[in-house]
Amino acid sequence: MNDPVQLSLAAARLARREGRFTDAVALFDDVLARDVGSLAARIERAATLSQARRFEEAAAAIAAVLADVPDHAGAQMEAGFIARGQGRHEDELRHFEAAAATGTAEPWRALIQVSQAARTLGRIARALEAAQEATERAPASAPAWMARALAARAVGDIPAEHAALRRAAEADPTNSAPVMELAQAAVRAGDGHEALALLDEAERRSPRPPLLDVARGHAALAAGKEEEALRSFRLGARRNPAAIGAATGLIHCLLRRHAYANATEALARACARFGDAPELVAQRAALLQAQGRLAEALHALRASYMEAPDNRFPQWEAWFHIERQLGTAEDQAACIRAARPATAPEHAAVARAQALAAEAQFEWTKARQAYDRALALVPEDSTALDGLARVAALHLQAEHALAWLRRQATAEAKQRAREKRSLNPSQTTTGQIALEFRLDRDGSAALRDVLPLPPAMRIAPLFDAVRALPQSTALALWLLITLRQAGRLDAPPDVHGLPAIPRRLLLLRPRNSPAGASEGWQAMNPGLEVMEMDVRAATEYLADRHGEEGRRAWQRTPEGGVRANLVRLAWLAHGGGWSIAAGGKPVTPLDRIAAPGAGFVASQEAWGAPGETLLGAAPGNTVAARAAELAVSALARGDREHPWLRCGPGLLARAVAATLAATPKEIARLRLVPEGEVNRVVHCDRLRERSADDF
């Protein structure tokens, strides 16, 4: 080949393949200087400018081509890719649609890009339609089946997604991409072992496929193999330093291992290499959360998402997760309004958020409707199924609640089998509380006459019902919900010379944990007296305060979390003070939540019950004394109810309700605050349950 034009064209293409884009552009210019009408050189020059991220020049170059040959499929395709690089997604879709309509011999190539562009714009029906047409026109094309799989995922059709991925794998036995996608789907479903097997197959198809180590890391985490995950992420970072997924996976793995110092170092290295990438903002927020710095995490996620909400939906989910813990109802509503969902699962996530926010305000109709919307989009949405069961149980619709729980058990069947959890629909926290409602015939009968009334008119008959049936959890929960709905819990506590909550705090120290947790609390709360109590001291304390009954209560309780609550209630009943759940860390001073004259303080959480995270009681407080008496008696008898009912929020609800029914004026000393107020004072992370179980 001695033609100078062809030699320059070949050299330009070689430079482009090697990533020498500046050289390639110069060589294409040389071709065009010799042959100004070379359409191929003009299109490829525009593509090279796009690869060099010189998008404005690329857009101008391809526009000039289209002005001359508007029906050229290749030019329209390249214009679509350039628009994608610039984030002009409407133009991107328009160009790909035009390419598909030009009468090209291979319209399926353009249809694949139409499907992707439509997904980006949230036009899921068009994305699915284009992908289906692509597979019909090219049934042996793996990329076409991949496009169909991604479109099916966008509409939440998981079986169709998996079927399309398998067709893509069959279409090209050397292509590891569809098998890698199947592995990622297995990770999303929580089946790490299946994912690892699929990744082995992917490697057999194509040795060392891109990002294999990162995928192995996530699969190993899903399989509970943290050491293997750590090795995979580190190997991925060494083999491909440009893979941000290896860096974020490593940070995530270190956070799971509670290696916060190492995670901080890994995050700093990643930021030095990748800058302020959105993926790193999410990891920084996760690290801040693990350190109890939720307000900082919230600010980082909110700012990053609002800067560029498109294609950052996981950041919005993380933002709402923290907003739900810390924010007011107004904050949560603003977060929900800011969401930019594109796919069916993302729209379902927004509906779930709306439902959870409504449920926290005891707005049952709004909650039910939002859960229904989530299920219409993702029929196996476990959170929505659980929420609908909760709402049904509270409204005495026992059969409906059981039906939702059965559907949830079916949706979670594989996950429960892997985790060796029961498929019995009643063997969850929601299932146990729903069962309590179902078995409480007398309490439910009383509620049927009361619930149709407006909140203010329910209070007196509920007081009467609780006085008659103080053991009814259903009545207790509805009394507390009704008092909140009627605004009776919003008034500040009466301060007329009554004893305040003492400035002392009980910290429980689980087995094999070091002393010194008190230092953080004292630094945050100068003058606070902190009492650390280990297992041995707790045993002696119960025996000292409650004699043989206290000793039996301890011995007959196998769960560490129940034991911890037993000791906390006994201590609060004796002299008053503050107590936090095991693993709790200080965030802001206790004074942010304490109110002069308050006799009993807790958050009001799911089902309307008092939460366990932070409890405060004045000396001699009747609620604390009643709660301790109920707990000691039940545990000494060897009761085996669910911990939530036996010595958790359910017991606290019965103690508060019985106290108010017996002495209504005690409502003036009760402070049940929104959950966010407590979470702004104390942070309990994943260590909480582990710590309690070791008590």
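A: The model is a predicted one, in which local features need a pLDDT of at least 70 and side-chain atom pairs count only at pLDDT 80 or more, whereas totals for chains, interfaces and linings use all residues. Residues are numbered from 1 along each chain as its sequence is written, and side-chain values rest on heavy atoms, with hydrogens and water left out.

S5 covers residues 600-604 and runs parallel to S7, to which 5 bridges join it (strands, of at least two E residues, and helices, of at least four H or I residues, are DSSP runs numbered from the N terminus; two strands pair if DSSP finds at least two bridges between them). With S6, S5 pairs in the antiparallel sense over 2 bridges. Val601 has bridge partners in both of these strands, namely Gly616 in S6 and Arg671 in S7, while Gln604 has Pro674 as its bridge partner in S7.

These strands belong to an open sheet of 6 strands with mixed pairing, whose order is S2-S1-S3-S6-S5-S7. Its edges are strand S2 (529-533) and strand S7 (670-674), each of which pairs on one side only. On average, neighbouring strands of this sheet are turned by 25° against each other, direction ignored. Lying across strand S1 (504-508), S2, strand S3 (577-580) and strand S6 (614-617) is helix H32, which runs at about 160° to S1; axes are lines fitted to C-alpha atoms, for helices over the stretch in contact, and angles run from 0 to 180 degrees between N-to-C directions.

Elsewhere in the sheet, strand S3 holds Ser579, which is buried, with a relative accessible area of 0%. Leaving aside neighbours within four places in sequence, Ser579 is in contact (heavy atoms within 4.5 Å) with residues including Leu505, Leu506, Arg568 and Leu615. With Arg568, the Ser579 side chain also makes a side-chain to side-chain polar contact at 2.6 Å (a pair of N or O atoms within 3.5 Å; within protein, one must be able to donate a hydrogen and the other to accept it, and residues adjacent in sequence count only if both atoms are side-chain atoms).

Phe437, apart from its neighbours within four places in sequence, is in contact with Ala393, Leu394, Leu396, Ser444, Ala474, Leu477, Trp478 and Trp607. Trp607 is also touched by Arg390, as are Leu356, Glu359, Tyr371 and Thr430, residues up to four places away in sequence not being counted. Arg390 itself is found in helix H23 (residues 382-394) and, at 10% relative accessibility, counts as buried.

Glu559 and Arg646 form a salt bridge, their closest N and O atoms being 2.7 Å apart, where a salt bridge is a side-chain nitrogen of Lys or Arg within 4 Å of a carboxyl oxygen of Asp or Glu. This pair links distant parts of the chain, 87 residues apart, with Glu559 in the loop between helix H31 (535-555) and helix H32 (560-575), and Arg646 in helix H34 (residues 643-647). Glu559 counts as partly exposed at 26% relative accessibility, whereas Arg646 is buried at 1%. Arg484 likewise forms a salt bridge, with Asp490, at 2.8 Å between the closest N and O atoms, and Arg484 is buried, with a relative accessible area of 17%. By this rule the salt bridges come to a count of 45.

Note on methods:
Buried means under 20% relative accessible area, exposed over 50%, partly exposed in between (1.4 Å probe, protein chains only).
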